[in-house]
Amino acid sequence: MRPLDESETTQVFEKLFKFTGNNLKNIVESPSHEGPDQTPGRYCFRLHKNRVYYVSESLVKRATNIKRDNLVALGTNIGKFTKSGKFHLTIQALNLLAANAKHKVWLKPTSEMSFLYGNDVIKGGLGRITDNINAYDGVVVFSMSDVPLGFGIAAKSTQDCRKMDPNGLVVIRQADTGEYLRSQEDI
Amino acid sequence: MEDEEVEVVKGKNSQKKASKKEKSKEFVAVNKKKKNEVLSESDMEDEEDEEMQSVDGDEGGDSGSDMSSDGDDAFAGDFLQGSDDEEMGSGSQSDLDSDDSDIETKSKAIDDAKEREEKEALDELRLNIKEAPDEFRLPTQEELEVEARGPPDLTGLQQRIKEIVRVLSNFTSLRQEGATRKQYIEQLKLDLGSYYGYNEFLISSFVEMFPPVELMELIEAFEKPRPITLRTNTLKTRRRDLAGVLLNRGINLDPLSKWSKVGLVVYDHQVPYGATPEYMAGHYMVQSASSFLPVMALAPQEKERIVDMAASPGGKTTYIAALMKNTGIIYANEMKEARLSKLTSNLQRLGVTNTVVCSYDGRELPKVLGNNTVDRILLDAPCSGTGVISKDESVKTSKTAVDVQNCSRLQKELILAAIDMVDANSKSGGYVVYSTCSMMVIENEDVIDYALKKRDVKLVPCGLDFGRPGFVRFRESRFHPSLEKTRRFYPHVHNMDGFFVAKLKKMSNSKAAPAAAQVAEDGGSEIEPSTIETPAPQSNVISKKEQNKGSRKDKVDNLSLKRKKEEKPNAPTEKRKKYKPPPREEISKAREEKRQALREAKKKGKSKV
């Protein structure tokens with residue numbers, strides 16, 4: 001386990017910024033209540049076996065005596081680095097993103113299951129959508145009852161969405177909670 | 001009625017006609033008369049007899065009708081007409097060309113036949129009465145061999161099982177002459193084993209633990225699955241809200257029981273309850289009701305340090321995190337790599353952020369995490385799984401005594417490691433909760449007793465008042481009396497998987513069980529046995545005590561090895577004395593006095609001899 005170096009940090013923050021915008025500050029600076037200390041600490045990012053974890057510092061301190069081979073996971077896994085060095089956000093980051101998302105999309109109940117099976121969001125399934133989405137922004141997908149379902153990339157801006165025909169693609173799915181059941185190599 | 005029978009028989013025996021036609025020609029005349037006689041008599045006749053007669057008669061009739069033989073035709077016509085009417089039959093008989101003497105002999109023969117029938121019927125009745133339940137006999141060796149040769153007769157087995165249970169419940173009055181209780185139980189074991197599919201070891205263990213009626217309930221309960229239960233993830237939702245949402249989706253559920261605030265039991269479901277959007281968003285977890293119990297016993301507080309030594313698949317770990325509200329730190333350890341992914345997946349899904357997952361052998365954990373560092377530990381030990389037979393039927397046949405012994409050894413090592421890791425001086429903690437999903441005493445009470453002897457811990461109430469207390473004594477073992485604070489759960493009583501929970505509190509951080517506590521306990525009952533022993537082995541006894549090996553079991557062994565004959569009768573009564581720990585000084589004083597007395601007695605004894 002080691003802290004992220006410069007390039008890795010920039011990559012991670014870039015990806016996060018797509019979804020959270022200025023709320024990125026919240027992510028980095030929110031007080032963490034984990035750990036047995038009375039005073040809340042801070043969160044930090046750590047890299048372990050090509051996976052990036054968002055952990056409280058007190059946890060990190062106490063996990064240092066676990067050997068590298070035996071440590072499996074810490075706190076929240078938010079993404080992983082591929083073999084070619086690119087960073088992808090995984091579904092486990094959903095909680096973090098959903099709390100700080102800038103652009104949101106709500107799905108109609110009928111198209112919830114379709115999204116959870118791994119399909120993209122089409123206009124016909126769209127319930128609500130926040131304004132000011134630009135094309136290729138990060139978007140977090142919710143159900144109408146505000147349960148986070150996943151996230152993806154907006155294919156069109158909000159204005160274009162309104163003009164589109166009902167079968168047009170609105171959100172390109174990147175991750176959804178159905179993956180917890182579909183892919184077992186999720187960690 | 002008789003006509004129908006005749007016709008039916010006719011139809012049946014059409015194949016026999018060809019072979020018997022030649023024979024029957026001769027018999028026609030004779031048998032026709034017989035047939036008439038038979039038909040004219042009452043309905044009490046044996047059908048076979050009738051059939052036989054009617055076969056011949058029919059064939060006579062048939063041959064009469066089929067084949068054109070003049071004599072027969074005439075008779076056939078008469079015969080058939082005669083069968084309709086009794087009087088006609090007798091009338092036609094009188095028309096027939098027959099001697100009176102023939103009639104007499106025939107009628108005698110018929111009377112004899114009738115008597116024979118009645119006797120046979122009576123015998124059969126008597127036979128049936130004999131085999132009625134009131135006099136159940138154990139099958140003899142020959143009968144068993146015969147049974148073993150053929151395919152198992154399931155209904156017969158079940159019948160016999162019920163009978164044996166009935167006899168055992170009222171043994172003195174219902175027993176068979178000369179049969180011992182042991183024979184009945186042996187037969188019951190064999191029958192249960194072959195009917196339900198258990199191996200010898202497992203069924204013997206259950207027979208040792210339960211009386212026959214309860215044993216049947218238990219085994220029946222194992223055949224059926226337990227109800228499906230869910231646990232609300234309080235980090236993300238509340239039980240009320242979740243219940244509402246799931247009801248809308250078409251899952252019929254209810255709150256679990258009054259002892260749980262987060263449990264839900266599913267009655268039926270139109271959609272898969274493990275694939276709803278709420279499941280995937282981590283609002284609940286599918287978990288058996290018995291798995292709630294150890295975490296409830298553990299009662300983790302916020303900001304504590306907790307270790308879960310065998311965490312996968314993560315149901316209990318996530319429950320702990322939910323109770324702690326994501327504060328503090330949990331070390332979730334899982335040795336098998338294959339199960340790790342499930343654990344991490346569940347942790348992430350349910351939104352647990354205060355956990356560090358590692359993969360060590362539980363016995364190595366104290367070296368990694370250090371001794372006396374942790375507030376509470378949950379050890380849901382790997383076990384033989386004899387309590388979850390309703391989930392996994394292969395346990396019935398695959399577990400042997402060796403397996404259970406191995407499990408027990410591993411569990412003892414793990415519990416010692418767990419106790420070493422806990423900090424006795426922690427402000428809010430110092431507890432170890434040990435639980436297994438097994439019903440075997442070797443894996444449960446035995447392990448706890450071992451821990452009590454080896455370390456400075458004591459049992460405290462679990463907080464689960466609806467279970468059954470654990471065994472304080474079982475067959476030849478005698479455990480520490482505080483073991484009644486442990487809890488056992490059974491499928492046929494509590495409608496959850498077989499489970500065992502024990503909560504230990506660490507009293508001090510020393511690795512030896514305290515001499516004071518042990519001496520006080522053992523002093524009361526060990527005084528007498530120690531006086532029995534000769535001075536030389538006495539030192540052994542003392543040193544043994546200091547090493548804290550003085551369990552009641554060992555005492556029994558010592559007694560058997562080294563006891564003096566004249567003091568033998570005292571020993572058992574000593575064991576049954578009520579347990580009261582006298583103060584240390586008094587004990588050592590009393591011991592000294594008794595040693596003196598023994599030495600004098602020995603001298604006297606020697607002088608006598």
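Predicted model: local features only at pLDDT ≥ 70, side-chain atom pairs only at ≥ 80, totals over all residues.
At what angle do α10(B) and α11(B) pack, and how far apart are their axes? I looked this up first. The angle is about 130°, and the axes lie 10 Å apart. I took axes as lines fitted to C-alpha atoms, for helices over the stretch in contact, with angles from 0 to 180 degrees between N-to-C directions.

Residues are numbered from 1 along each chain as its sequence is written, chains are lettered from A in the order written, and side-chain values use heavy atoms without hydrogens or water.

Next I checked the contact (heavy atoms within 4.5 Å). B:Ile185, B:Lys189 and B:Leu192 of α10(B) meet B:Glu200, B:Ile203, B:Ser204 and B:Val207 of α11(B).

Then I turned to α12(B). Its axis comes within 9 Å of that of α11(B), and the two cross at roughly 135°. α11(B) and α12(B) are therefore oblique to each other. From α11(B), B:Ile203, B:Phe206 and B:Val207 make the contact; from α12(B), B:Leu215, B:Leu218, B:Ile219 and B:Phe222 do.

Is α11(B) mostly covered or uncovered? I found that helix, residues 200–209, mostly covered, with seven of its 10 residues buried (under 20% relative accessible area, 1.4 Å probe, protein chains only). Helices here are DSSP runs (H or I, at least four residues), numbered from the N terminus. Among the buried ones are B:Leu202, B:Ser205 and B:Met209.

Note on methods. Buried < 20%, exposed > 50% of the residue type's maximum accessible area, 1.4 Å probe, protein only. Parallel < 35°, antiparallel > 145°, perpendicular 65-115°, else oblique.
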